[in-house]
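I am opening a notebook on this structure. The entries below record what I looked up, residue by residue and helix by helix.

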Amino acid sequence: MPELREIYQEVILDHNKNPRNRRCPPEANRIAVGHNPLCGDKITLYLLVEDGVIRDVGYEGSGCAISTASASMMSEAVKGKTVEEAEALFCRFHALMMACPQGAENGRRVELGKLRAFAGVREFPIRVKCATLAWHTLEAALKNSGETVSTETGSE
Amino acid sequence: MSNAALEMEAAIRVEAPPFDVAKVRADFPILRRRVYGKPLVYLDNAATTQKPRRVIEAITRFYEEECSNVHRGVHWLSQRATDRYEGARETVRRFLHAAEAREIVFTRGATESINLVANAYGRAHVGRDDEVLITAMEHHSNIVPWQILCEEKGARLRVAPIDNRGDLVLDEFKNLLSHRTKLVAVVHVSNALGPVNPVKAVVEMAHARGIPVLIDGAQAVPHLHLDVRALDCDFYVFSGHKIYGPTGIGALYGKAALLERMPPYQGGGDMILSVTFEKTLYNTIPYKFEAGTPDIAGAIGLGAALDYVESIGLPNIAMHERDLMSYATHALLGVPGLRIIGQAREKAGALSFTLDCAHPHDIGTIVDQEGVAIRTGHHCAQPVMERYGVPATARASFAMYNTREDVDALVQALHKVVELFG
Ligand SMILES: Cc1ncc(COP(=O)(O)O)c(C=O)c1O
C-alpha cells in the first residue's frame with residue numbers, strides 16, 4: 001500500500017503552503033499556459049530568457065498541492081540555469097516520474113536535488129499528471145509554441 | 001412535512017416492504033471487498049452505482065443459457081433471447097410508467113439518447129436562427145450535442161441561469177422561451193450539485209408555447225419516483241449503470257407520435273424492413289432507432305436492475321437517502337473549513353463540497369487511502385464550476401446501500417486531510 005507521507009513529503013507541503021516565485025515578472029519574454037481541466041489545475045508560466053539563460057521565472061494559477069509544489073520547486077530549480085540545463089532537468093524530472101532510464105541518461109548532466117521528493121508521486125499514477133504539468137508548461141514556454149499544454153488525457 | 005413527503009410516507013405504508021440496509025448491502029457482492037486493507041466505502045454513486053447479485057446473475061445466465069441474436073432467427077434460442085430483450089423493454093416501460101413499450105428505445109446510455117434526439121429530432125426541426133434552450137447546470141452530455149446541432153444549423157443555444165443556491169431561475173427560464181425555441185433540454189437532477197429541478201413546471205411552460213421538452217434523468221431515476229405520462233415530457237433519457245444496472249445500456253423514452261415522425265439516427269440491420277439499392281423501408285419504432293445488434297445482455301441486466309429497485313421500493317430508497325443526505329450535511333459542516341457548494345431547496349443523491357485548506361484532488365487522494373471513494377474534479381459540468389468560482393469540488397453521492405457509518409468514515413477521512421494540510 002502506498003503511503004501518504006511518500007506523496008505529501010514535508011518539502012511538498014511546504015511549497016504548497018508557501019509557493020515561491022508566484023508572480024508575474026514584469027520583463028518576462030516567454031509565456032505558456034498549462035491546464036488540466038479535469039482536476040482544475042491551471043498555470044500560466046512566465047520566463048525571462050536572455051542570452052540562453054533563464055534570468056527570471058514566475059507563474060500564476062491554482063491547483064492541487066502536487067501541482068502547486070511542483071510549479072514552485074520547478075521555478076526555483078531552473079532560475080539562473082541555461083536553457084540547455086533546464087531542458088536536461090526536464091528530462092531528468094520526466095524520467096523520475098515515468099521511471100524511464102533513457103530520460104535519466106539524457107539529463108545526466110544536471111542534478112535533481114530537492115526534486116527527488118516527487119518520486120513518491122509515482123506510487124499514485126493518476127497524480128503524476130499533477131507533478132508534470134508545470135514542467136510541460138516550461139517546455140512549451142522554452143519552445144515558445146504558444147499552445148496550451150495539458151498532461152491529461154481521457155475523460156471523466 | 002411537505003405534501004410530497006406525506007404522500008411518500010403513505011405510499012411506503014401501503015406498498016413497500018420494510019427497508020433493511022444490511023439486507024440490501026448483502027445483495028451487493030462488491031461491498032464486501034477491502035481497499036488498502038480497509039472496508040470499501042463507496043460514495044461515488046453519481047458516477048456509477050454498484051451492481052446487485054441479481055443483475056450480475058441475469059447477465060451470466062444470458063451468456064450461459066440464452067445467448068443468441070435477437071429478432072433474427074427462427075430457432076429456439078433466438079426466440080428466447082428476443083423474449084428476454086423485449087421483456088426488458090417492457091420492464092423499462094413499467095418503471096417509467098410510459099404508455100407503450102414501443103416508446104422505449106435502447107441506447108448506450110443517457111449520452112447516446114441525447115445525441116439520438118439531437119440528430120433525429122433536432123436536425124429535422126431546428127433551423128437557422130432557431131434556439132435550443134438548456135440550463136446552466138447541465139452535464140456536458142446535455143450541452144455538447146446541442147452545440148454541435150446549433151453550429152451545423154446556424155441556430156443558437158440559450159442557457160437559463162441558476163441562482164446562488166443552485167436552483168433554476170424559473171422566471172428567467174420562462175423569459176427565454178420564444179417563438180424561436182424549438183426544443184428545451186433540462187436536467188432532472190444535477191450531478192454536480194444535486195438539486196432537483198422543477199421539471200413539471202418546465203414542461204408546462206414549454207408546452208404552453210408548443211415546445212417539446214427533453215429531460216435528462218441520468219441522476220434522477222435512481223432516487224425519484226418517475227411517471228413520464230404525469231410529467232408529460234416528450235423525451236426522457238437515462239443510463240442503466242447509474243441505477244444498479246450494467247454499463248453500455250440505457251434508454252430513451254419518446255412519445256410515440258414524436259418518435260414516429262423522426263427520421264432514423266443510425267442506419268444498419270434491424271432498423272429496416274426491406275433494403276434495395278434504390279430504396280430502404282424503415283422499421284417501426286422503436287426498432288427504427290436500434291440499428292445493429294444491440295447490447296442484449298445489457299438490456300436484460302438493466303431489466304433485472306429495475307426489477308430489483310422495484311422490489312426494494314423507490315419510496316423506501318428515497319427516504320433512506322434523504323436521511324443520509326441530511327445526516328451527511330450536518331456531519332460535513334462539522335469539518336473545519338468545509339463549504340457545501342449548492343444549497344438548492346431540494347436535493348437528491350449528491351453533496352458537493354470544498355475545503356479551505358486542500359484542493360479537491362488532494363482530498364480525493366487522501367480519503368481514498370482510507371478506503372473512501374468519492375469523486376473530485378469538475379464532474380463533467382465545467383459551466384457549473386465556473387458559476388461558483390471553483391475549479392473543482394469533491395463530491396459524495398449516495399445509493400440505497402450507503403449507511404451513516406459510510407458518512408462517518410468520510411468525515412473521519414476529511415479530518416485527516418485537515419490534519420495534513422490545515
Ligand atoms: C446528469 C447527467 N446526465 C448525463 C450523464 C451521462 O451519462 P452517461 O455517461 O452514462 O451517458 C451523466 C453522467 O454522469 C449525468 O450525471
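**Entry 1: B:Thr49**

I looked up B:Thr49 and found a relative accessibility of 2%, so B:Thr49 counts as buried. Buried means under 20% relative accessible area, exposed means over 50%, and partly exposed is in between (1.4 Å probe, protein chains only). The model is predicted: local features need pLDDT of at least 70, side-chain atom pairs count only at pLDDT 80 or more, and totals for chains, interfaces and linings use all residues. Residues are numbered from 1 along each chain as its sequence is written, chains are lettered from A and ligands numbered from 1 in the order in which they are written, and side-chain values use heavy atoms, with hydrogens and water left out.

I placed B:Thr49 in the loop between β3 (41–42) and α3 of chain B. Helices (H or I, at least four residues) and strands (E, at least two) are DSSP runs, numbered from the N terminus. I then checked polar contacts, that is, pairs of N or O atoms within 3.5 Å; within protein, one must be able to donate a hydrogen and the other to accept it, and residues adjacent in sequence count only if both atoms are side-chain atoms. The side chain of B:Thr49 reaches the backbone oxygen of B:His241 at 2.8 Å. A polar atom of that side chain also lies 2.7 Å from the backbone nitrogen of B:Tyr244. For contact I used heavy atoms within 4.5 Å. Not counting residues up to four places away in sequence, B:Thr49 touches B:His241, B:Lys242, B:Ile243, B:Tyr244 and B:Tyr401.

**Entry 2: helix α3 of chain B**

**Entry 3: the ligand**

Which residues are around the ligand? I list B:Ala110, B:Thr111, B:His139, B:Ser141, B:Val187, B:Asn191, B:Asp216, B:Ala218, B:Gln219, B:Ser239, B:His241 and B:Lys242. The criterion is a heavy atom of the residue within 4 Å of the molecule. By class, this shell has three nonpolar, seven polar and two charged residues. The classes put Ala, Val, Leu, Ile, Met, Phe, Trp, Tyr, Cys and Pro as nonpolar, Asp, Glu, Lys and Arg as charged, and the others, Gly among them, as polar.

A polar side-chain atom of B:Asp216 lies 2.5 Å from a ligand nitrogen atom. An N or O atom in the side chain of B:Gln219 is 2.7 Å from a ligand oxygen atom. For B:Ser239, an N or O atom of the side chain is 2.6 Å from an oxygen atom of the ligand. Taken alone the ligand exposes 400 Å², and the protein buries 85% of that. Accessible areas come from the Shrake-Rupley method with a 1.4 Å probe; for residues, only the protein chains shown count as cover.

I found B:Ser239 in strand β9 (residues 235–239) of chain B. Its relative accessibility is 6%, so B:Ser239 counts as buried. Beyond four places in sequence, B:Ser239 touches B:Gly109, B:Ala110, B:Ile249 and B:Gly250.

B:Ser113 is in helix α5 (residues 110–125) of chain B. Buried or exposed? At 0% relative accessibility, B:Ser113 counts as buried. The side chains of B:Ser113 and B:Thr107 are joined by a polar contact of 2.8 Å. The side chain of B:Ser113 also reaches the backbone oxygen of B:Ala251 at 3.0 Å. I noted that B:Ser113 and B:Leu252 are 139 residues apart in sequence, with C-alpha atoms 5.3 Å apart.

**Entry 4: B:Leu414**

I located B:Leu414 in helix α15 (residues 404–421) of chain B. Its relative accessible area is 0%, so B:Leu414 is buried. B:Leu332 is 82 residues away along the chain, and the two C-alpha atoms are separated by 8.6 Å. With residues up to four places away left out, the residues that B:Leu414 touches include B:Leu332, B:Val335 and B:Phe353.
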